[in-house]
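Please look over the protein shown below before reading on.

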Amino acid sequence: MIVLKAVLASKDKEYISAWLDFVQGSQPGSGIRFTAFSQWEPFRDHMNEQEGRELPDLVVAEPEFLNNWLSNGGETSGIPWLTLSEGLDEVDEDKRLMKYQPLPALLDAVLNACHQPRRRKVHRPGQETLSIAVVSASGGSGKTAVAMHMAKQLGIAGYAVLYLNLETLDSSMPFLEKGLSRSAQRIADAETGLSRLLYDLKVGRKESGKQGQVQSLSKGVDSYVLRHEALKSDVFWPLSNRKELLQMSHEDTKILIRYLADCGQYDVLILDGDSGWDGRSEGILDRADAFVWLIEDDISSMHRWGQWMQHMERTRPEFLDSVLDRARFVVNKYRDSVINVLPRPDLHLDAVLPYIPSWKQLSKEEVMLSSPIFQREVKRLCAMIVQDGEEELKQAGRMQKGDGWSL
């Protein structure tokens with residue numbers, strides 16, 4: 001269970017004691033931990049020490065405490081707050097918590113204020129290339145299968161697509177190898193495409209002399225990629241040297257994605273990375289325009305999802321807001337209903353993808369890439385994401401008026 005953190009500030013020590021005694025003795029109170037103050041200086045020092053720490057989920061304070069804190073940086077901290085009011089002060093109703101009311105009602109109001117439902121932004125800055133990352137907080141959630149199906153469905157729909165796998169241990173090779181081997185390009189060149197591109201970008205970065213910028217490469221992206229007909233997309237031959245991926249930094253990953261997005265050859269990039277905290281994963285989270293965040297309907301997966309959200313909210317709240325604005329939460333391997341409770345009340349599911357039992361006995365790539373049921377649901381998922389940015393794609397000249405998905 002995720003335990004919420006709240007700060008309570010009141011000059012009335014007896015009021016604080018009554019509040020804390022109730023919280024400690026009630027079942028709903030087990031989900032929240034209070035830090036209480038009756039004097040301004042300790043409260044101020046505590047709030048000023050939040051930088052680099054896990055931020056509180058809520059501040060509940062009398063006006064004397066709250067107004068001073070808000071005017072000294074609290075307004076821009078991103079921490080939600082409520083005024084503990086006796087009804088005489090001027091404050092918006094949605095920020096007012098009446099001080100004297102039944103303690104169960106007070107606790108309910110605090111719990112509701114800790115997690116207000118988030119509004120997802122619909123607008124995305126116009127870009128010629130839309131980058132979509134398939135991510136998860138849990139390994140084995142089916143990221144690669146979903147990413148390859150998305151690449152295929154977008155390719156069938158007429159988009160120019162590049163599938164980029166940045167897993168440390170690439171799980172796409174068993175499904176792509178046959179199609180890659182049919183390529184007319186010399187295999188010796190093809191197998192080193194991603195390695196050569198990473199090297200060329202690193203050299204270009206040094207020659208530019210500017211942080212995060214790369215001098216124009218002499219070769220186009222065609223010299224690094226292969227066409228995979230079954231996937232209807234361009235791909236890189238998976239790297240054979242794991243060290244090259246392990247050594248990829250956060251900045252290396254962002255520069256690679258930026259180069260592929262800016263090369264002008266693709267409408268959509270499908271990004272497939274690890275479920276971890278390494279530089280590549282952070283680079284993908286920073287750079288992707290949209291996310292398909294996969295969850296499995298089991299306790300472990302839900303718990304890991306909640307833990308990731310909790311950690312990011314308390315250490316990088318603005319970054320978490322950015323991720324949530326770009327994410328679509330999807331249950332993979334869905335079987336009729338979702339049994340487990342989502343880790344937070346402000347989270348919701350956007351789509352589900354069905355469990356395909358036959359994939360457990362795969363021996364041919366065509367089977368995994370050709371499931372009609374899965375293709376249908378992935379097509380709907382793609383429409384949900386791409387149509388949000390349809391106006392931008394039209395403006396970039398990649399789509400004609402009236403183009404889109406037929407569902």
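## Briefing on the predicted model

Of the 407 residues in the protein, 49% are buried. The model is a predicted one, and its secondary structure comes to 16 helices and 13 strands.

**Overall surface and contacts**

- The protein exposes about 19800 Å², and carbon and sulfur atoms supply 49% of that area.
- When contacts between residues at least 6 apart in sequence are considered, 72% of them join residues that are at least 24 apart.

**Packing of helix H1 against helix H4**

- Helix H1, which spans residues 13-25, packs with helix H4, residues 103-114, at an angle of about 80 degrees, and their axes are 10 Å apart.
- Because angles of 65 to 115 degrees count as roughly perpendicular, H1 is described as roughly perpendicular to H4.
- On the H1 side the contact is made by Tyr15, Ala18, Trp19, Phe22 and Val23, while H4 contributes Leu103, Pro104, Leu106, Leu107 and Val110.
- The residues of this contact between H1 and H4 divide into 10 nonpolar, no polar and no charged.

**Helix H13 and its cover**

- Within helix H13, residues 317-326, the buried residues are Phe319, Leu320, Val323, Leu324, Asp325 and Arg326.

- Most residues other than glycine have a negative phi.
- Lysine 333, although not a glycine, has a positive phi of about 60 degrees; this lysine lies in strand E12, and with a relative accessibility of 29% lysine 333 counts as partly exposed, since that class lies between the 20% and 50% cut-offs.
- Aspartate 336, likewise not a glycine, has a positive phi of about 75 degrees, and is found in the loop between E12 and strand E13 (351-354).
- Aspartate 336 has a relative accessibility of 73% and therefore counts as exposed, the cut-off for that class being over 50%.

**Asparagine 67 in helix H3**

- Asparagine 67 lies in helix H3, which covers residues 63-71, and is partly exposed, with a relative accessible area of 46%.
- The C-alpha atoms of asparagine 67 and threonine 83 are separated by 9.1 Å, the two residues being 16 residues apart along the chain.

Terms used: Residues numbered from 1 in each chain as written. Predicted model: local features only at pLDDT ≥ 70, side-chain atom pairs only at ≥ 80, totals over all residues. Heavy atoms only, no water. Buried < 20%, exposed > 50% of the residue type's maximum accessible area, 1.4 Å probe, protein only. Helix = DSSP H or I, 4+ residues; strand = E, 2+ residues; numbered from the N terminus. Axes fitted to C-alpha atoms, helices over the stretch in contact; angles between N-to-C directions. Parallel < 35°, antiparallel > 145°, perpendicular 65-115°, else oblique. Contact = heavy atoms within 4.5 Å. Nonpolar A, V, L, I, M, F, W, Y, C, P; charged D, E, K, R; others polar. Areas by Shrake-Rupley, 256 points an atom, 1.4 Å probe, with all protein chains shown as cover.
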